[in-house]
Amino acid sequence: MKTVKNLFFLAVILAGFSANAQQPDPPGQVKGNEKPKNEAYLFAHMTHNDYGRLYYSVSLDGLHWENLNNGKRVFEEYKGHPDICKGPDGKYYIAGNTGDDAKSINIWVSDDLITWKKHADYTPDLKSTPDYSNALQRIGAPKLYYDEPSQKFIMTWHTPHLEGTKEDGERYWASQRTLYVLSKDLKTFEGTPKRLFDWDMGTIDVFIRKVGDSYYAVIKDETYPTLYWTTGKTIRIAKSKSLLGPYSLPQQSISPNFREAPMLIPSPDDKIWYMYYEQYPGVSYGLSIADNLNGPWFQASGYTFFSDWDKYSLPEKVRHGCMITISKNEYNSLVKKFGLTKK
């Protein structure tokens, strides 16, 4: 009997330790009256129930997000996987397309992230891509980045070269390659699309960021995960000294397997990186954190359904999109226009 009581008390003590053994709060937040360098954030996204349409959520800390417009669309004309880029003119540009089999990429422009107007359509000649003459007519998830050194936009997307079969549906995804085109103004485009990477591996959802003297391409490794390719279906980073490469082979995985649609934002104090990614199909979002894009990365606790354990939170049913930093004035304007969704 005494042994049973001792075991009971030990279990209680261990349970208490376990209950308190939480992660520390994510780094990168400002303290006290310190003013954040990154004042606010916008998450432009689709939803699980309305795939490919445009919704907004906002945050003041990059960790806790609130939906706008009572969960309704914010721009009816838009279709695609939302990706927003700020140009040298201070205007915002968003790229999309009506579906992967659409022939054109559609671009809109906005002064305030509230009112969007059509800017241009771009129809790539996919068959003209060097060393990719078997490309299928598919355009997946176009993304924009403005490169200050070259004073050019780079637009990336993924295109496959093999159809799936009943025996091997996965080969369609493994055949995805990332293409790009350059433009000074997102109205006229330079030459024909080219492959971004010189290594032969399936990649989708690629975007580029320049930090310091290096360019970082954030990718989803679209190879199927096996015992011999453990990084399949994970988020990884490749690095280069030049916008157009050559890029290093991707680093080790940042996320678990079966994650996609990565998004990267700097923390409020601008010292930490937050990398979000979706566990598809629409299951949840994960968050990895680092003080350097070269890593190492650790995963924050979230989507646990225990609020005291969650270090970040997003609205339910959010899907692919992009996160960008915005000013507090822009945040206030968005909230004034659309309103925070009532819980």
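Alanine 290 is buried, with a relative accessible area of 3%, where buried stands for under 20% relative accessible area, exposed for over 50% and partly exposed for what lies in between, calculated with a 1.4 Å probe and with protein chains only. The structure is a predicted model, in which local features need pLDDT of at least 70 and side-chain atom pairs count only at pLDDT 80 or more, while totals for chains, interfaces and linings use all residues. Residues are numbered from 1 along each chain as its sequence is written, and side-chain values rest on heavy atoms, with hydrogens and water left out.

Alanine 290 belongs to strand E17; helices (H or I, at least four residues) and strands (E, at least two) are DSSP runs numbered from the N terminus. Apart from neighbours within four places in sequence, alanine 290 is in contact with Ile272, Trp273, Gly295, Pro296 and Trp297, contact being defined as heavy atoms within 4.5 Å. Between alanine 290 and glycine 28 there are 262 residues of sequence separation, and their C-alpha atoms are 9.7 Å apart in space.

## The chain as a whole

Three helices and 19 strands make up the secondary structure of the chain. Because a compact globule of 343 residues would have a radius of gyration near 20 Å, the 21 Å of this chain agrees with that expectation; the radius is taken over C-alpha atoms, and the globule rule is 2.2 Å times the number of residues to the power 0.38. The C-alpha trace spans about 80 × 50 × 40 Å along its principal axes.

Of the 343 residues in the chain, 52% are buried, and of the contacts between residues at least 6 apart in sequence, 53% join residues at least 24 apart. The chain exposes about 16800 Å², of which carbon and sulfur atoms supply 52%, the areas coming from the Shrake-Rupley method with a 1.4 Å probe. There are 42 positive and 40 negative side chains, and the centres of the two sets lie 3 Å apart; Lys and Arg count as positive and Asp and Glu as negative, with His and the chain ends not counted, and each charge is placed at NZ of Lys, CZ of Arg, CG of Asp or CD of Glu.

## Aromatic pairs

The structure holds 17 aromatic pairs, a pair being two rings of Phe, Tyr or Trp (its six-membered ring) with centres within 6.5 Å, counted as stacked if the planes are under 30 degrees apart, as edge-to-face if over 60 and as tilted for the rest. Phenylalanine 43 and tyrosine 285 form an edge-to-face pair, at 6.1 Å centre to centre and with 85° between the planes. This pair links distant parts of the chain, since phenylalanine 43 lies in strand E1 (residues 40-47) and tyrosine 285 in strand E17 (residues 284-290), 242 residues apart. Phenylalanine 43 and tyrosine 285 are both buried.

Phenylalanine 197 and tryptophan 199, by contrast, form a stacked pair, with 4.2 Å from centre to centre and 10° between the planes, and both of these residues are buried as well. Ring pairs also link Tyr41, Phe43, Trp65, Tyr276, Tyr285 and Tyr312 into a cluster.

## Backbone details

The peptide bond from tyrosine 280 to proline 281 is cis, with omega near 5°, and proline 281 sits in the loop between strand E16 (273-279) and E17. The bond from glycine 295 to proline 296 is likewise cis, with omega near 5°; proline 296 is in the loop between E17 and strand E18 (298-299).

Leucine 113 is not a glycine, yet its phi is positive, at about 70°. Leucine 113 occupies the loop between strand E6 (105-110) and strand E7 (117-122) and is buried, with a relative accessible area of 0%. Alanine 261, another residue other than glycine, has a positive phi near 50°; alanine 261 is located in strand E15 (residues 259-266) and is buried, with a relative accessible area of 4%.

## Isoleucine 94

Isoleucine 94 is part of strand E5 (residues 92-96) and is buried, with a relative accessible area of 0%. Beyond its neighbours within four places in sequence, isoleucine 94 is in contact with Leu54, Tyr78, Pro82, Asp83, Ile84, Asn106, Ile107, Trp108, Trp116 and Leu144. Isoleucine 94 and leucine 340 are 246 residues apart in sequence, and their C-alpha atoms are 22 Å apart in space.
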